[in-house]
Amino acid sequence: MRRERRAPRPDWEQIVAAQGMCFGTPARLADGSARPYWDESVHYVFDMDEVLSIEASVEVLHSMCLNAVEHVVLTERFADFGLPDWSWEPIAASWRRSDPHLYGRFDLRYDGRRPPVLLEYNADTPTSLLEAAILQWHWKTDVYPEDDQWNSLHEKLVERWGEIRPQLSGAETHFTWSSADESGEDNVTLAYIQECAAEAGLHTVALAIEQIGFDEELNRFVDLEEAPISSLFKLYPWEWVLDDDFGRRVVELLPETMWVEPLWKTLLSNKAILAVLWEMNPGHPNLLPAYLDNPHELTEYVRKPKLGREGANITIVGPGFETQTGGVYGEEGFVYQLLDPLPEFDGMRPCLGTWIVGDESAGLGIRETAGLITDDGAAFVPHRIPL
């Protein structure tokens with residue numbers, strides 16, 4: 001694993017915009033100055049053996065996560081996850097039905113020298129998907145046509161939608177995101193996932209989650225045309241869905257109205273799962289020690305809110321220092337994980353976002369930042385595998 005520089009393609013901005021890139025807020029360099037979010041002036045190079053090893057680790061992590069959900073359901077440990085008690089039995093029922101799942105992203109620390117370790121699992125609403133699946137593939141094809149890339153995301157997403165399709169009722173599947181996302185990132189990601197579903201043969205309809213209606217007489221969700229919503233993919237966190245009466249209706253109508261990602265993903269998208277994984281697999285080379293609600297024996301650790309996002313409300317306690325970020329999360333409780341700082345390459349710290357589609361590893365996207373926390377100031381950089 002190494003970091004290399006190369007001049008960007010002369011018309012790179014027009015190229016990635018045509019491929020659907022939504023630039024949003026710029027990333028930041030170490031001095032705080034603006035940096036393009038999509039930054040192809042640098043990239044990472046991996047040996048094939050490295051990629052095969054990381055790929056195997058991702059599938060091991062996925063298997064351990066499914067075992068952890070089974071454990072939580074069997075032992076009824078829902079209170080550890082800060083979820084409303086009325087949702088516990090429906091979560092268990094969703095798991096027992098094997099409600100279909102689409103994808104997820106494991107964020108790993110990897111330096112090319114020791115096994116990758118899990119920092120967190122974005123199992124419900126992972127983004128940076130278009131960059132990983134499409135933008136960096138076209139960059140590789142344009143700039144390094146003889147090289148390979150860890151990237152079968154598009155093919156696997158289409159294939160997975162084909163597998164899910166028989167479990168979805170109704171003639172149409174709706175795709176929803178929140179119009180409150182001003183960056184446009186969620187909308188673009190949602191549109192790409194919808195495109196993959198359409199390629200798999202699904203009839204798709206897009207609408208913002210704020211536009212979903214409810215027919216009181218027929219007791220069903222409807223779209224803007226008053227057509228029934230029988231199956232729905234959401235790019236909207238389950239913990240937000242469960243936060244009001246809308247969520248109660250969603251849960252009551254399961255599985256008559258099927259939602260993807262499924263309700264049982266609330267357990268995997270919650271950082272409490274990190275502590276459950278360590279408890280079930282102590283000493284595993286792909287895990288870091290993690291505990292619920294206090295650091296136990298850890299003297300250097302990262303305190304993460306169970307339902308936090310974009311690096312918010314994180315406290316890092318290191319040798320002789322402590323730093324924290326602001327935000328609105330934490331009422332649901334915290335997880336304490338051993339501090340294992342991301343490695344430095346030319347003063348930047350890469351976080352490897354490794355993708356799972358269905359039950360198979362499917363690709364890699366890298367975000368890097370100068371700080372210890374991969375937050376909304378991180379840039380996305382591509383990668384390649386020389387052949």
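**Helix packing and backbone details**

α2 and α10 are roughly perpendicular to each other, a label for angles of 65 to 115 degrees; under 35 is roughly parallel, over 145 roughly antiparallel, and the rest oblique. This is a predicted model: local features need pLDDT of at least 70, side-chain atom pairs count only at pLDDT 80 or more, and totals for chains, interfaces and linings use all residues. Residues are numbered from 1 along each chain as its sequence is written, and side-chain values use heavy atoms, with hydrogens and water left out.

Back to the pair. The axes of α2 and α10 come within 10 Å and cross at roughly 95°. Axes here are lines fitted to C-alpha atoms, for helices over the stretch in contact, and angles run from 0 to 180 degrees between N-to-C directions. Helices are DSSP runs of H or I with at least four residues, strands are runs of E with at least two, and both are numbered from the N terminus.

Who meets whom? On α2, Met-64, Cys-65, Asn-67, Ala-68, His-71 and Val-72. On α10, Ile-273, Val-276, Leu-277, Glu-279 and Met-280. Contact means heavy atoms within 4.5 Å. By class, that contact has 8 nonpolar, 2 polar and 1 charged residues. Nonpolar covers Ala, Val, Leu, Ile, Met, Phe, Trp, Tyr, Cys and Pro; charged is Asp, Glu, Lys and Arg; the others, Gly among them, are polar.

Next, α4, residues 129–143. Helix α4 packs with α6, residues 185–199, at an angle of about 60°, axes 9 Å apart. So α4 and α6 are oblique to each other. Their crossing is left-handed, meaning that the near helix is turned anticlockwise from the far one by less than a right angle. From α4, the contact takes Leu-129, Leu-130, Glu-131, Ala-133 and Ile-134. From α6, it takes Glu-185, Val-188, Thr-189, Tyr-192 and Ile-193.

Leu-129, Ala-132, Ala-133 and Ile-134 of α4 touch Leu-153, His-154 and Leu-157 of α5. Here we have 6 nonpolar, 1 polar and no charged residues.

Now the spaces. How many cavities of 30 Å³ or more are there? The count is 1. A cavity is a set of points, on a 1 Å grid over the protein atoms alone, where a 1.4 Å probe fits but cannot get out; a pocket is an open set with protein on both sides within 12 Å along at least five of seven lines; lining residues have an atom within 4 Å of a point. Grid points join across faces, edges and corners, and a volume is the space filled by probe spheres set on the points.

The largest cavity is about 40 Å³. Helix α10 gives the most to its lining, with 3 residues. That lining includes Leu-118, Trp-278 and Gln-337. By class it has 7 nonpolar, 1 polar and no charged residues.

The second largest pocket is about 300 Å³. It has 14 lining residues, with Gly-82, Glu-239, Asp-243, Leu-307 and Glu-332 nearest its centre.

Last, the backbone. Most residues other than glycine have a negative phi, and most peptide bonds are trans. Glu-76 has a positive phi of about 55°. Leu-254 and Pro-255 are joined by a cis peptide bond, omega about -5°. Val-260 to Glu-261 is also cis, omega near 0°.
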